[in-house]
Amino acid sequence: MVGWAVLADSVPIYPLYALLFVDSGLSDLQISLLFALWSAVGVVFEVPSGVLADRFSRRGCLVAGDLVRAVGFAAWVLLPEFAGFAVGFVLWGIGSSLASGAQEALLYDGLVAAGAKEHYAVVNGRVSAAELTSQLPAAAAGTVLFSLGGYALAGWVSVGVALAAAVLAARIPEAPRVGEDDADDDEGDDLGYLATLRVGLREAAARPGVRAVLVAVMAVAAFDAVEEYFPLAVASWGVPVAWVPIVDLPIVLAGVLGAALAGLVNRLGAGAIGALLAAAMLLLGGAGLLAHPAGVAAVALFYGIYRAIVVVCDARLQDRIASRSRATVTSVAGLGTDLVSFAIYAAWVVGEVVALAVLGLLVAAVLPRLLRSRPSAPTPGSAPLPGGDVPGGG
């Protein structure tokens, strides 16, 4: 899983594509429309793809997602204008939806099968750190490839990387679903697609503890869209385009460290986690007000804290949901994340970095209440702790 995470994100067009859009003549509004289209595709495909993963194969969804992304990157190279970029984002959105939910479910149930479920926050933090670490070779490759062959060469190499990731994804073992947490399902043991969807939606909506943490994941994870604007912000602060991928590296490294330390942050209470997120957003807002290359340091601190909190919120959601519906419920969280992302894109248009920070402070204010929510009953398949809490419940 870690190897796949590294390869899947070692895509050299990643640190360059926002600049590709600008150099192709797109306005800030058109770029935000592309990002919004990306999220809209997630809104349509997120939950159906999660149901596919629960009904058929989570590993198969990872493979299909990488193949679809490869075609999307090819569209950017072959048609470098708004329509071509839109097609690429649609395909990328479908590919991401196929992996979303399936990846977390594959990992969590794999740990359950290994008797190590309680280590999910630590292990998923390492996987997230691996995903971020992959941006380092991507940044270096992006700089070299851009110098040698411009955006086209970086794009074609990205196609090859996505295809290689599909090959590696096919080798990830898939653990069987955990059976004891589904004993109360009246649909029977062999669920069809619609029955799987119904069970997953019921899981997301029926338990108050699940609903609250689900909202927390949606609100926090949506700020991952801020990463798409880092190259634009850094370039607007006076950094030459060719150096943007390199200057972006401290931000990436901070994210890697933050994700790797998520296990420590998971020990904190809900109030402390909310305070940490608020501090991170103040750092981001300060960098936007400074509008100077030195602000990269503050953005890096923001991103490190943020990545740890994302992993923690996901872990507390996974502890509350059942094995059979895991990918579906996680995809519901992804659907909500995509919807909230529209607010992120709108904030950038209104006030760029500062507006994003203000929106983040609002999320930080309500986060403790959401994370303090307890399941109304012990999570199926999970042993309750003394006092009615669940592992990782904060």
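Helices here are DSSP runs of at least four residues, numbered from the N terminus. Keep that in mind as you click around, and remember that this is a predicted model.

**Stop one: a loop residue.** Select E174, which sits in the loop between α8 (135–169) and α9 (193–206). Is E174 buried, exposed or partly exposed? With 23% relative accessibility, E174 counts as partly exposed, because that class lies between 20% and 50%. Now show what surrounds E174: setting aside neighbours within four places in sequence, you'll find contacts with S57, R58, R59 and L106. A113 is 61 residues away from E174 along the chain, yet their C-alpha atoms are 9.9 Å apart.

**Stop two: a helix pair.** Next, pick out α15 (residues 270–290) and α16 (residues 296–318). Their axes are 8 Å apart and the packing angle is about 150°, so α15 and α16 count as roughly antiparallel, the cut-off being over 145 degrees. The crossing of these two helices, α15 and α16, is left-handed. Colour by class and the contact of α15 with α16 comes out as 16 nonpolar residues, one charged and no polar.

**Stop three: cysteines.** Select C61 and C313. C61 has 7% relative accessibility and so counts as buried; C313, at 1%, counts as buried as well.

Methods
Residues are numbered from 1 along each chain as its sequence is written. This is a predicted model: local features need pLDDT of at least 70, side-chain atom pairs count only at pLDDT 80 or more; totals for chains, interfaces and linings use all residues. Side-chain values use heavy atoms; hydrogens and water are left out. Buried means under 20% relative accessible area, exposed over 50%, partly exposed in between (1.4 Å probe, protein chains only). Axes are lines fitted to C-alpha atoms, for helices over the stretch in contact, and angles run from 0 to 180 degrees between N-to-C directions. Angles under 35 degrees count as roughly parallel, over 145 as roughly antiparallel, 65 to 115 as roughly perpendicular and the rest as oblique. A crossing is left-handed if the near helix is turned anticlockwise from the far one by less than a right angle, and right-handed if clockwise. Ala, Val, Leu, Ile, Met, Phe, Trp, Tyr, Cys and Pro count as nonpolar, Asp, Glu, Lys and Arg as charged, and the others, Gly among them, as polar. Contact means heavy atoms within 4.5 Å.
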